[in-house]
Each structure stands twice: as C-alpha cells, then as structure tokens.
Amino acid sequence: MTNTFDLILKNGTVVNHDGEGLRDIGVRDGKIAEIGISSNADAAEIIDCSGLHVLPGVIDTQVHFREPGPTHKEDLESGSRAAVLGGVTAVFEMPNTSPLTVTQEAIEDKLNRAAGKVDHGGMFCDHAFYVGATHGNPVELAELEMLPGVCGVKIFMGASTGDLLVEDDEGVRAVLAHGQRRVAIHSEDEYLLREGKAKAREGDWTSHPEARSAEAAVRCTERLLKLARETGRRIHVLHISTADEIPMLAAAKDVATCEVTPQHLTLEAPDCYERLKAFAQMNPPIRDARHREGLWYGLRQGVFDVIGSDHAPHTVDEKSKPYPQSPSGMPGVQTYVPLMLNHVAEGRLSLARFVDLACHGANRVFGIAGKGRLAMGYDADFTIVDLKEKRTITNDWSATKSGWTPFDGMKVTGWPVGTIIRGRKVMWGDEIIGDAAGKPVRFQETLGR
C-alpha cells in the first residue's frame with residue numbers, strides 16, 4: 001500500500017538527534033510525519049535533495065527589525081525576507097522599537113504587523129517578540145511575558161540603540177522578581193560605559209572596545225549572575241564578547257544560558273575597525289584575538305547554548321558619520337548560516353555542534369513548542385544546505401533595507417539552498433517562493449493562553 005504525504009524530501013543527508021544519514025522525510029499537514037520512509041511513498045510535491053544536507057530549521061533568537069519606528073533601515077517584511085534567503089526559519093525580534101514594545105498593545109501591534117495587517121504583506125518566517133523591561137513595568141511583566149507570540153523579557157543593563165535601560169541592581173532585581181520565564185539580558189555595565197565615553201577618540205573606531213570595555217561586560221555579568229541566584233530566576237546572557245565571561249558563565253549553568261554571535265566569532269580587532277570602520281561597530285564591541293579565541297574555547301567546551309545574529313541594521317549614510325556619532329549595529333540574519341557553515345568547512349566546529357547551537361539550543365533555552373528539532377511530530381521546518389558550494393557574500397545579495405554586510409567580498413564554503421517552513425517551500429536557490437505566511441512561534445510555558 002502506498003504511503004502518501006503532502007511533501008517528501010528525497011535523497012538528502014538528514015542531520016538530527018540521530019546523527020547524519022541518507023533518509024527521506026515525509027511531511028503531512030505541516031508536520032514531520034515520518035523519517036526514513038519507504039521507497040513506494042508518494043506525495044503531492046517531491047523535492048530532490050541529492051548532495052544536500054537537511055538540517056532542522058535554523059532559529060535566530062536575536063534580531064532587531066526596527067518596526068515600528070525607523071523602518072527606513074528595516075521592517076518586519078524586509079528583515080524576514082533576508083532571514084529566509086539566509087536559511088533562517090524563525091526569528092525572535094527585540095523590543096527597542098519606537099514606540100517601545102513594553103505593553104500588551106505594543107505586542108499586539110507587532111503581531112498584526114507580522115501578519116500583514118499593517119503597511120506591508122507581513123513576515124515570511126515564523127516569529128516571536130520580546131517584551132522590554134523598564135523601571136515602570138516590572139509588575140506587569142509577569143502577565144506580559146505569558147501573552148501569545150512573546151518569547152520572553154529583555155533587559156538592557158547598558159544603553160545601546162533605543163531608549164530601553166534598567167542599569168541599577170534594584171531595577172534589575174525588581175524585573176527578575178516578577179514572572180517565571182527566562183529573561184534575556186544585554187550585559188554591559190552602564191556606569192562604566194558612561195565613564196568610558198571619554199576614551200572614544202574622534203574618527204577612530206579602534207577606540208570602540210576601549211569606550212565599551214571588556215571590564216564593563218565582565219562587571220555587569222558578575223552583577224547579573226548574583227541577582228539571578230538571589231531571585232532564583234533563569235536568565236539568558238546575550239552576545240558574549242569577552243574571554244573573561246566564559247568561566248563565570250560555565251560556573252552558572254544552573255541559572256544562566258548564553259549566546260554568541262557569528263561576528264564575534266569571525267571578526268577581530270583592531271583589523272576589523274581599520275578595514276570596515278563603522279561597519280564593524282556594534283555593542284558589545286568586536287574585541288581582540290585573545291577574546292575571540294576565548295569565545296571559540298567557550299564554544300568548544302559547550303558553554304554557549306545558542307547562536308544569535310543580533311541583526312541590527314543602519315543605513316550606509318548613518319554609518320558614514322564619524323566615530324562616535326556613527327551608530328552601533330550591523331545586519332546579520334542573512335549571513336548567519338553561510339558564516340557558520342564556513343567555520344564548519346574550516347574545521348572550527350562540527351556540523352552537529354552547529355545544529356545544536358542554531359536549532360536545538362533555541363528549543364531548550366526558550367521552551368519552544370514543536371520547533372527546533374528534526375523529529376516526528378515537530379513542525380516541518382528545514383534549512384537545506386550545500387556544504388560544498390563555494391560562494392562570495394556580497395552587498396548585492398543582501399535583502400535588508402540597509403543594503404550592506406560587513407562580510408561583503410568574503411568567500412565561504414557552505415550555503416543555504418532551501419528554506420522550508422511548516423512544510424511550505426519559502427526559499428529555493430536564492431529565490432523567495434510565494435507570499436509571506438509566517439506565524440507566531442508557540443512556547444510550552446504559554447500553551448493555551
């Protein structure tokens with residue numbers, strides 16, 4: 001008897017909890033129905049994945065898509081377009097928009113925008129939104145974090161782009177004391193950042209890691225871990241940039257998970273600032289070789305739980321201002337997968353470890369319901385890659401409104417060939433297929449809300 005599916009991925013090398021192997025995958029009703037299906041199976045659509053690797057759908061748990069607010073540099077539609085072109089199936093978007101995402105009304109507005117009910121056709125990838133913490137809303141956060149489409153709470157302990165800031169221990173303690181879901185934190189000590197402004201040399205981007213020092217990151221993470229233990233709250237420390245934070249975070253795995261970005265693993269100061277100037281400027285900064293190697297050590301030792309791109313675009317004109325007037329942030333959601341596959345090709349990490357960081361980690365850290373694994377019953381989200389394809393990353397390939405990438409001209413080995421979300425082919429061969437049809441990500445802690 002013929003086994004019938006909606007979609008079959010045929011002849012691909014599947015990479016999942018079981019290792020790597022040639023297996024066909026059957027999809028039915030947007031879910032993975034069977035792995036290793038019989039040869040007489042049939043489907044309405046069959047995709048030949050010969051020579052390709054089929055990964056669980058990559059999830060980027062930190063992006064800034066700027067909407068509502070300065071949408072001249074990005075919006076939810078354009079950011080999600082860049083995501084799926086880069087092989088990313090779902091994103092978690094940050095709250096430092098304008099207005100800030102700090103109320104139920106603001107969250108509902110973002111969900112409406114993502115669904116194509118405001119200004120554009122909506123988001124191509126699945127999505128969730130952080131709610132921002134302020135000094136004025138700790139009590140409300142316990143309810144806000146439980147709303148559908150919310151991935152958690154975000155605290156800025158150091159000022160970055162936008163107006164969100166909770167810099168003091170009392171304020172952070174109040175946020176951590178209200179609610180139960182894991183809280184994501186930008187960990188830079190605001191008091192040291194204010195002192196460090198005097199170290200910013202006009203027109204000299206090599207001074208950025210001095211103005212926003214390693215000490216500012218380390219001191220803030222020390223404070224944060226103490227507060228997490230004091231309140232018994234789970235935390236997630238974003239975009240780690242120093243070697244010195246690795247042993248601290250390794251000793252706090254009971255309360256703290258952490259993230260590393262592709263750019264902190266790939267770029268190195270002072271070279272990146274000399275070559276790219278403002279186009280290498282982000283918060284926390286790209287640091288020197290000692291810190292970069294410390295991050296790779298932490299990755300090899302299993303300290304990092306996820307990779308996030310911290311996609312945060314600005315226009316070329318904005319970036320062309322002299323330092324320190326130039327804004328911090330760079331696009332990254334589209335280059336996330338190619339950069340990390342290139343590190344796989346060059347032997348810095350295994351493909352299994354990449355999948356753990358890009359897919360399984362998000363599932364574990366945030367308690368995602370039905371995403372982040374390539375297993376029966378999960379959403380049929382796949383990032384299909386050619387590990388042998390040699391390409392050059394270019395500004396012309398970038399779909400972000402900013403129109404540039406700090407990795408323009410970089411030759412890489414490994415490329416996303418296809419993006420499939422809930423059984424629907426969304427990107428294939430650098431072409432987006434069909435209309436935007438992204439849906440909110442669901443979470444175990446908020447099911448039924």
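Student: A salt bridge is a side-chain nitrogen of Lys or Arg lying within 4 Å of a carboxyl oxygen of Asp or Glu. Which residues are linked in a network of salt bridges here?

Tutor: Please note that this is a predicted model. In it, a network of salt bridges links Lys 31, Asp 126, Lys 371, Asp 379, Asp 381 and Arg 422.

Student: What do the side chains of Asp 379 and Lys 371 do?

Tutor: They meet in a salt bridge, with 3.0 Å from N to O.

Student: Is Asp 379 buried or exposed? And what about Lys 371, buried or exposed?

Tutor: A residue is called buried when its relative accessible area is under 20%. Asp 379 has 10% relative accessibility, so it counts as buried. Lys 371 is buried as well, with a relative accessible area of 4%.

Student: How many salt bridges does a search of the whole structure find?

Tutor: The search finds 38 salt bridges.

Student: What about Glu 268 and Arg 292?

Tutor: Their side chains also meet in a salt bridge, at 3.3 Å from N to O. The two residues are 24 residues apart and link distant parts of the chain: Glu 268 sits in the loop between helix H9 (262-266) and helix H10 (271-276), and Arg 292 in helix H11 (residues 289-300). Glu 268 is partly exposed, its relative accessible area being 28%.

Student: Why can such side chains pair at all?

Tutor: Side chains of opposite charge can pair when their charged atoms come close.

Student: New topic, the sheet. In what order do the eight strands come?

Tutor: The order is S6-S7-S8-S9-S10-S11-S12-S13, in an open sheet with parallel pairing. Strand S6 (58-63) and strand S13 (306-307) are the edge strands, each pairing on one side only.

Student: How many bridges do S12 and S13 have?

Tutor: Strand S12 (residues 256-260) pairs with S13 over two bridges, in the parallel sense. Val 306 in S13 is the bridge partner of Glu 259.

Student: Which strands does helix H7 touch?

Tutor: Helix H7 (residues 214-231) packs on the sheet and touches strand S10 (183-186), strand S11 (235-237) and S12. The direction of H7 makes about 170 degrees with that of S11.

Student: Where does Glu 188 lie?

Tutor: Glu 188 is in the loop between S10 and helix H5 (190-196). It is buried, with a relative accessible area of 0%. A polar contact of 2.8 Å joins its side chain to that of Arg 212. Not counting residues up to four places away in sequence, Glu 188 touches several residues, including Met 157, Leu 193, Cys 220 and Pro 284.

Student: Which residues have the most contacts inside the largest nonpolar core?

Tutor: They are Val 91, Ile 155, Ile 235, Phe 304 and Phe 354, in a core of 73 residues. Apart from that core lies another of 20 residues, among them Met 282, Leu 339, Ile 393 and Trp 415.

Student: Which residues is Ile 155 in contact with?

Tutor: Leaving aside its neighbours within four places in sequence, Ile 155 is in contact with residues including Ala 133, Val 166, Leu 176 and His 186.

Student: And helix H13, how many of its residues are buried?

Tutor: Nine of the 10 residues of H13 (residues 336-345) are buried. Among them are Tyr 336, Leu 339 and His 343. Just after H13, Gly 347 takes a positive phi of about 85 degrees.

Student: Last one: what joins strand S15 to S14?

Tutor: Eight bridges join strand S14 (residues 382-392) to S15, and the two run antiparallel. Arg 391 stands opposite Val 412 in S15. S15 (residues 411-421) is mostly covered, with 10 of its 11 residues buried. Four bridges also join S15 to strand S16 (residues 424-428), again with antiparallel strands. In the hairpin of S15 and S16, two residues lie between the strands, and Arg 422 takes a positive phi near 50 degrees. Arg 422 belongs to the salt-bridge network with which we began.

Definitions and conventions: Residues are numbered from 1 along each chain as its sequence is written. This is a predicted model: local features need pLDDT of at least 70, side-chain atom pairs count only at pLDDT 80 or more; totals for chains, interfaces and linings use all residues. Side-chain values use heavy atoms; hydrogens and water are left out. A nonpolar core is a set of buried Ala, Val, Leu, Ile, Met, Phe, Trp, Tyr and Cys residues joined through side-chain atoms within 4.5 Å. Buried means under 20% relative accessible area, exposed over 50%, partly exposed in between (1.4 Å probe, protein chains only). Contact means heavy atoms within 4.5 Å. Two strands pair if DSSP finds at least two bridges between them. Axes are lines fitted to C-alpha atoms, for helices over the stretch in contact, and angles run from 0 to 180 degrees between N-to-C directions. A polar contact is a pair of N or O atoms within 3.5 Å; within protein, one must be able to donate a hydrogen and the other to accept it, and residues adjacent in sequence count only if both atoms are side-chain atoms.
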